There are 2 protein chains.
Amino acid sequence: MGETKLHPVITVRLYTDEKCFGPGVAMLLERVDRLHSLRSAAMDMDMAYSKAWTILRNAERQLGFKLISSTTGGRHGGGAVLTPEGERMLSAYQAFAREARSAGEELFRKHFGELPPAFPAVQGAGGPEEANAPDGE
Amino acid sequence: MGETKLHPVITVRLYTDEKCFGPGVAMLLERVDRLHSLRSAAMDMDMAYSKAWTILRNAERQLGFKLISSTTGGRHGGGAVLTPEGERMLSAYQAFAREARSAGEELFRKHFGELPPAFPAVQGAGGPEEANAPDGE
């Protein structure tokens, strides 16, 4: 049995016909906003640039608007910044995901907070093997 | 842009040290409960039996109790049924996931219901290409 207590992980993704926006795109956009470059953002996530480019273009195609825009020259020397729509999309997704996780944690306590007494095995009594004796019905 | 309206997909998984219970295990258990066989359950999901066996054993190891128990002979002729703990776990997960999805949909409306006016491109104005002209900063 794991050392860490049972806990929920809630993932929120947005779809149109197919997946278009989830934790991966959000992490990329956060980094583009900070690093002003899609290449640096991908590198910071140990993600291939081609993959970063693909998931970003897919998101933009599904959403129907641009999330980042290229900059040529200037202070950031040909990097990328979030478009106003990209900024709003990222903010909305982050707030949505944060509140969904928080609601999920509360619901987890509601449904699983009462479980340990109902699950003697969780308390360390009995192992998986012993519990698996064929019951012969 | 996709034909289908933007909508959320909320996934809930349970972890200890690592992932131990999510949609895949739940779908397997639902089918074991109905088909009285892990092999039939896996087949019904187009999942290799070896994979079904692995994710189930991993879940049991992480949780510290058995989710299914083998039956030898009897009415189901050597199949499998959910243990009482497996039944409770599945019920709790299903209720938890259902309510988390419902809460997530409400939160999605809160954060994205107001977006279309803020996203002219969503309404069909402007394409991704036009919006991507380098802005020269």
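This is a predicted model: local features need pLDDT of at least 70, side-chain atom pairs count only at pLDDT 80 or more; totals for chains, interfaces and linings use all residues.
## Strands that pair across the two chains

Two strands count as paired when DSSP finds at least two bridges between them. Strand 1 of chain A, residues 7-15, runs antiparallel to strand 1 of chain B, and nine bridges join them. Within this pairing, Pro8(A) stands opposite Leu14(B), a residue of strand 1 of chain B.

Strand 1 of chain B, which spans residues 7-15, has two faces: Pro8(B), Ile10(B), Val12(B) and Leu14(B) make up the covered one, while His7(B), Val9(B), Thr11(B), Arg13(B) and Tyr15(B) make up the uncovered one. Leu14(B), the residue opposite Pro8(A), therefore belongs to the covered face of its strand, given that a strand is a DSSP run of at least two residues. Tyr15(B), from the uncovered face of strand 1, has Lys19(B) in strand 2 as its bridge partner, and the two strands form a hairpin with three residues between them.

## The layout of chain A

Chain A holds five helices and four strands, and their order along the sequence is β-β-α-α-α-β-β-α-α. Of its 137 residues, 31% count as buried. Among the contacts in chain A that link residues at least 6 apart in sequence, 43% join residues that are at least 24 apart.

Helix 1 of chain A has 13 residues, and the distance from its first C-alpha to its last is 18 Å, close to the 18 Å expected at 1.5 Å a residue. Its buried residues are Val25(A), Leu28(A), Leu29(A), Arg31(A) and Val32(A). Seen down the axis of helix 1 of chain A, these buried residues fall within an arc of 165°, so they line one face of the helix. The face turned away from that buried side carries the exposed residues Pro23(A) and Arg34(A). The buried residues of helix 1 of chain A are covered by several elements of chain A, including strand 2, helix 2, helix 3, strand 3, strand 4 and helix 4.

Helix 4, one of the elements covering helix 1 of chain A, has 29 residues and reaches 41 Å from its first C-alpha to its last, close to the 42 Å expected. Its buried residues include Met89(A), Leu90(A), Tyr93(A), Phe96(A), Leu107(A) and Phe108(A), together with Gly86(A) and Gly104(A).

An α-helix has 3.6 residues a turn, so residues three or four places apart point the same way.

With helix 1 of chain B, the axes come within 10 Å and cross at roughly 105°. Angles of 65 to 115 degrees count as roughly perpendicular, and the two helices are therefore roughly perpendicular to each other. The contact involves Gly24(B), Val25(B) and Leu28(B) from helix 1 of chain B and Ala52(B), Ile55(B), Leu56(B) and Ala59(B) from helix 3 of chain B.

## Residues with positive phi

Most residues other than glycine have a negative phi. His36(A), which is not a glycine, has a positive phi near 55°. His36(A) follows helix 1 of chain A and lies in the loop between that helix and helix 2. It counts as partly exposed, with 19 C-beta neighbours inside 10 Å.

In chain B, Asp46(B) likewise has a positive phi near 55°, and its place is in the loop between helix 2 and helix 3 of that chain. Asp46(B) is exposed, having 6 other C-beta atoms within 10 Å. After helix 3 of chain B comes Gly64(B), with a positive phi near 90°.

Notes. Residues are numbered from 1 along each chain as its sequence is written. Chains are lettered from A and ligands numbered from 1 in the order in which they are written. A residue is buried if 20 or more other C-beta atoms lie within 10 Å of its own, exposed if 12 or fewer, and partly exposed in between; C-beta atoms are placed from the backbone. The expected span of a helix is 1.5 Å times one less than its number of residues. The arc is that of the directions from the helix axis to the C-beta atoms. Two residues are in contact if their C-beta atoms, placed from the backbone, lie within 7 Å. Axes are lines fitted to C-alpha atoms, for helices over the stretch in contact, and angles run from 0 to 180 degrees between N-to-C directions. Angles under 35 degrees count as roughly parallel, over 145 as roughly antiparallel, 65 to 115 as roughly perpendicular and the rest as oblique.
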